[in-house]
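Here's a quick tour for anyone meeting this protein for the first time. Take a look at the model, then read on.

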Amino acid sequence: MAFLAFLAVLLTGCAPLLAPPYAADYETLDRLEATRPGMVALAKAQPADTEDKLNTVRLRSARLVSPSGSFAQYLQDALMRDLSEIAVYDPKAPTRIAARIVVNDIDLGVINGSGRMDVEVTVTRDTAGRTAGSTTGTTMQRLRKTYSAKTAFDSSYASIVAVPAGQAAYPRLVRALLREMYADPQFVAAIGR
């Protein structure tokens with residue numbers, strides 16, 4: 001019965017499908033933690049508008065939606081979980097990571113599917129200079145770089161196979177992007193103490 005309901009959803013394209021939850025790559029997080037990063041905060045990931053085309057992923061006639069409301073928020077939640085996991089997330093930290101999704105796509109293909117995500121990451125650090133009872137602060141940009149990730153998965157011409165495969169591929173795409181970012185020596189230096 002559930003199979004028939006799922007098939008009806010796929011054929012009509014009426015109901016959106018939820019992207020599965022993000023799962024961290026603990027091996028990559030262990031390597032990042034070993035670099036002894038400083039505490040970091042997160043700026044609101046962009047684009048925040050749920051109607052923005054980058055917050056819409058089409059899987060043929062079905063629409064994949066983020067359980068967080070937008071895929072920018074999905075990415076921000078994944079970052080927050082990862083950074084919290086290694087105990088470096090602090091919303092009040094002077095070092096701040098801002099992420100803007102530039103490309104966000106899952107292509108089901110015919111036999112092989114693929115996903116691509118490009119995210120522009122900016123890392124800034126607030127510095128405060130103190131003089132006779134006053135505080136002036138400046139923000140220094142420590143990094144501005146676009147990270148790209150691609151993923152591939154078995155697909156099919158038949159939507160009943162391809163759509164669930166594309167749906168399952170989304171968190172792997174986000175994990176691949178964050179793995180790329182965390183392994184970059186420039187990113188590591190930018191969030192360093």
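This is a predicted model: local features need pLDDT of at least 70, side-chain atom pairs count only at pLDDT 80 or more; totals for chains, interfaces and linings use all residues.

Residues are numbered from 1 along each chain as its sequence is written, and side-chain values use heavy atoms, with hydrogens and water left out.

Let's start with the whole thing. The protein has five helices and seven strands (DSSP runs numbered from the N terminus: H or I of at least four residues for helices, E of at least two for strands). Going along the sequence, you get α-β-α-β-β-β-α-β-β-β-α-α. Of its 193 residues, 44% count as buried (under 20% relative accessible area; exposed is over 50% and partly exposed in between, with a 1.4 Å probe and protein chains only).

Now the sheet. Three strands line up as E1-E4-E3 in an open sheet with mixed pairing (strands pair if DSSP finds at least two bridges between them). E1 and E3 sit at the edges with a single partner strand each, so one side of each has no neighbour in the sheet. E1 runs parallel to E4, with two bridges between them; Leu 18 has Val 65 in E4 as its bridge partner. In the loop between helix H1 and E1 you'll find Pro 16, which is partly exposed because its relative accessibility is 41%. Pro 16 and Arg 63 are 47 residues apart in sequence, yet 4.9 Å apart in space, C-alpha to C-alpha.

Here are the elements to look for:

| Element | Residues |
|---|---|
| Strand E1 | 17–18 |
| Strand E3 | 57–59 |
| Strand E4 | 62–65 |
| Helix H1 | 2–12 |
| Helix H2 | 26–34 |
| Helix H4 | 159–182 |

Helix H4 has 24 residues and spans 34 Å from first C-alpha to last, close to the expected 34 Å (1.5 Å times one less than its number of residues). H4 bends by about 30° at Tyr 170, with Pro 171 following within four residues (the bend is the angle between axes fitted to the seven residues ending there and the seven starting there).

Finally, which helix gives the most to the lining of the largest cavity? That's H4, with four residues, while H2 and H4 each supply at least two. The lining includes Tyr 22, Asp 82 and Arg 175.

Terms used: On a 1 Å grid over the protein atoms alone, a cavity is a set of points where a 1.4 Å probe fits but cannot get out, and a pocket is an open set with protein on both sides within 12 Å along at least five of seven lines; lining residues have an atom within 4 Å of a point.
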